[in-house]
Structures are given as structure tokens and as C-alpha cells.
Amino acid sequence: MKEKLYQKAIELTNGKWSSVLLKRFTTSAISKKIIPSYIDIYDIETGEVSKNMQSFTSLHDFFTRKLVSEARPIDHNPEMYVSPVDAKIESFGTIENNTSFFVKGKTYDLVDLLGKEEHAKTFENGQYIVFYLSPRDYHRIHSPIDGKVVRQYTLGAKSYPVNGTGLTYGNKPISGNYRSVTELKTSSGVHCEVIKVGAMFVNSIQLTNTSDTWEKGEEVGYFTFGSTVVMIFEKNRAAFLENVVKDGRIRVGEAFAHML
């Protein structure tokens, strides 16, 4: 019953009008006035921000803030995957029954997530990890490896909450939300997927690197509002490190898995 009520309430409020109003407010000059409260509520570390607090023109400008370069050192070991975002590790593990994985008791299928069966087959029985970005987090996205972009495309139309409540009671938001999918291949032929999932009624996933090459640690895009990144790996190509624990925190550039 809770699940159906939650889904109904979210559906009633998730429309074009709500997205337009939210975007209009957060990009307005008046929204600048709530930045100090936003920082206090979410206990945001401002010492690593690249700009002076007074120079932000809106809440959106602050939300998509950049950090000083030394704030996120990158592990450049070529045999390591590094985190593409600052986030909580929501879930991770082995893809089961060829293409299924589980988050908050819900079953997700790679075909739904990636959009095509032929794409899903590459990652049958592989590994997955889900990174959740809260409103307090740094929302720039960075490359987890050095790689070539094999394909890049978007799926989905609307974006529902992907916080704990949304994942528990929502209608499979990870595979249903608007999302930007990037498949990367290393020089040694290893493939992985980086799926950027929109959230909070706003489908804003901006790519800042639109070339066919990603370098480990470089910025490749950013989110507007809290969101999620899912990474998918081929079978026997990733071994998670000991620092990967459910609900554990990780930051951009920190290694989380060996590349096998």
C-alpha cells in the first residue's frame, strides 16, 4: 500500500510544470539568498570550492560548483577503476541470472537499463555498483578510467527521486528515469558502462566532454540536483576493493575495484 501511494503521489507532482518551476527558481538570482541556509542544512564543506561564496549567482550555480584541483587526487594506477563521483555506495555485487541485479529489494534488468538486448549481453553475469549523490555532494562527474567512447546515448523521459525512499517505494527509478549511457573501452579491450541517472523531476545531465576519449579523473559532465551513477562491468573484469561497503562513502578519484 505504501509503495502504491508513494508512486501515485510522485506521479501527480512529476510533470513538465514542476520541472519548469524548479529550474526557473534554482537558476534565478533570488535563489542565491538561500545558499547559506543550503550549506548549513547539508553541512557542505566550502573550503575546497574553487570560487568565493559571494560569486555564485544562483542556487544552481552553487549546486554545480567546481572544486580546487587538489581537492580530489586521482589514483592513476592503470589497473584500478576510480569513483566517477562523490557519493554513497548504495549497492554493489554480481549480476545474476545473466542480466539481473538488486537495489533496495527491487530487481533491475540490464536490458531495461541499457535499452537493448545486444548491449546487455556484453555484461552478462558481470559486476555492478550504484553510487548515490545526495544534495550535499559535489555533483561534477569524472571519468573512472582511460578509455574510448564506444557509444553514448540517452533513454527515458521523466526523473523520479533516487534517494532511499525513492529506491524502496518508487517504480524502479534507476532503469525508468531519464539517463545518459556511456560505454567505454580501455586500450586492453575492457568494456564498462557509466550510466548517469537523472533525479528530482529535473532531467539535467550535462556532458562537458563530448569527444570520443575520456581520461581518468577528468571532468566529463555534471548533474542538476541529487542523482545516481551506475557502473556495469564485464564478467570477471572487476574485483571490488575492501573499501567498497554498502552505505560507505567514496570520493572522486578513489580506487574502488581492480581491473582484471
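Author: Before the numbers, a term: a cavity is a set of points, on a 1 Å grid over the protein atoms alone, where a 1.4 Å probe fits but cannot get out. A volume is the space filled by probe spheres set on the points, which are joined across faces, edges and corners. This is a predicted model, where local features need pLDDT of at least 70, side-chain atom pairs count only at pLDDT 80 or more, and totals for chains, interfaces and linings use all residues. Residues are numbered from 1 along each chain as its sequence is written, and side-chain values use heavy atoms, with hydrogens and water left out.

Reader: What volume does the largest cavity have?

Author: About 40 Å³.

Reader: And which residues line it?

Author: Thr26, Tyr38, Leu59, His60, Phe63, Thr224 and Phe225 (lining residues have an atom within 4 Å of a point).

Reader: How many aromatic pairs does the structure hold?

Author: There are 13, counting rings of Phe, Tyr and Trp (its six-membered ring) with centres within 6.5 Å; planes under 30 degrees apart are stacked, over 60 edge-to-face, the rest tilted. The rings of Tyr38 and Phe63 are edge-to-face, with centres 6.4 Å apart and planes at 70°.

Reader: Is Phe63 buried or exposed?

Author: Phe63 is buried, at 4% relative accessibility. Tyr38 is buried too, at 12%. Buried means under 20% relative accessible area, exposed over 50%, partly exposed in between (1.4 Å probe, protein chains only).

Reader: What about Phe131 and Phe256?

Author: That pair is also edge-to-face, 5.5 Å centre to centre with 75° between the planes. Phe131 has a relative accessible area of 0% and is buried.

Methods. On a 1 Å grid over the protein atoms alone, a cavity is a set of points where a 1.4 Å probe fits but cannot get out, and a pocket is an open set with protein on both sides within 12 Å along at least five of seven lines; lining residues have an atom within 4 Å of a point.
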